[in-house]
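Me: Hi! I'd like to talk through a structure with you. Could you take my questions as they come?

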Amino acid sequence: MQTFKRICIKDWEITAQNGDHFSVARGEEYITSPVREGSVVVFGRYWVPVPVEHFAGEQQFTNA
């Protein structure tokens, strides 16, 4: 699976109907998927699609 390291440039969060909460914080680095349909999946406690405009500085982490 191809993954990328990206720096978050804008805080973003979501809360599921069951109360689970996920957020990304400005200035933090995250491992993500490639861009698909305007978003990237952030791999953390949960795998969550986040709009790609919240990130900058794509750098390949693992190859496909």
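Me: How many bridges join strand 5 to strand 6, and which way do the two run?
Reply: Strand 5 (residues 39-43) and strand 6 (residues 47-51) run antiparallel and are joined by five bridges. Two strands count as paired if DSSP finds at least two bridges between them. Keep in mind that this is a predicted model, where local features need pLDDT of at least 70, side-chain atom pairs count only at pLDDT 80 or more, and totals for chains, interfaces and linings use all residues. Residues are numbered from 1 along each chain as its sequence is written, and side-chain values use heavy atoms, with hydrogens and water left out.

Me: Thanks! Which residue is the bridge partner of Val-40 in strand 6?
Reply: Val-50 is the partner of Val-40. Strands 5 and 6 make a hairpin, with three residues between them.

Me: Where else do strands pair, say for strand 2?
Reply: Strand 2 (residues 12-15) pairs with strand 3 (residues 21-24) in the antiparallel sense, over four bridges. One of the pairs is Thr-15 with His-21 in strand 3. These two strands form a hairpin as well, with five residues between them, and Gly-19 in that turn has a positive phi of about 100 degrees.

Me: What about positive phi in a residue other than glycine?
Reply: Glu-37 has one, with phi near 55 degrees. Glu-37 sits in the loop between strand 4 (29-32) and strand 5.

Me: Is Glu-37 buried or exposed?
Reply: Glu-37 counts as exposed because its relative accessibility is 81%. The cut-offs are under 20% relative accessible area for buried, over 50% for exposed and partly exposed in between, with a 1.4 Å probe and protein chains only.

Me: And Trp-12, buried or exposed?
Reply: Trp-12 is buried, since its relative accessible area is 17%. Trp-12 lies in strand 2.

Me: Which residues does Trp-12 touch, leaving aside neighbours within four places in sequence?
Reply: Taking contact as heavy atoms within 4.5 Å, Trp-12 meets Phe-22, Ser-23, Val-24, Val-48, Pro-49, Val-50, Pro-51 and His-54. As for Trp-47, its C-alpha lies 14 Å from that of Trp-12, and the two are 35 residues apart along the chain.

Me: Switching to Thr-62: where does it lie?
Reply: Thr-62 is in strand 7 (residues 55-62). Thr-62 is partly exposed, because its relative accessible area is 29%. Beyond neighbours within four places in sequence, Thr-62 is in contact with Met-1, Gln-2 and Thr-3.

Me: Let's zoom out. How many helices and strands are there?
Reply: The chain has zero helices and seven strands. Both are DSSP runs numbered from the N terminus: helices are H or I with at least four residues, strands are E with at least two.

Me: Why would you call the radius of gyration in line with a compact globule?
Reply: A compact globule of 64 residues would have a radius of gyration near 11 Å, and the chain has 11 Å, so the two agree. The radius is taken over C-alpha atoms, and the globule rule is 2.2 Å times the number of residues to the power 0.38. The C-alpha trace spans about 35 × 25 × 20 Å along its principal axes.

Me: What share of the residues is buried?
Reply: Buried residues make up 27% of the 64.

Me: Last one: what share of contacts joins residues at least 24 apart?
Reply: That share is 53%, among contacts between residues at least 6 apart in sequence.
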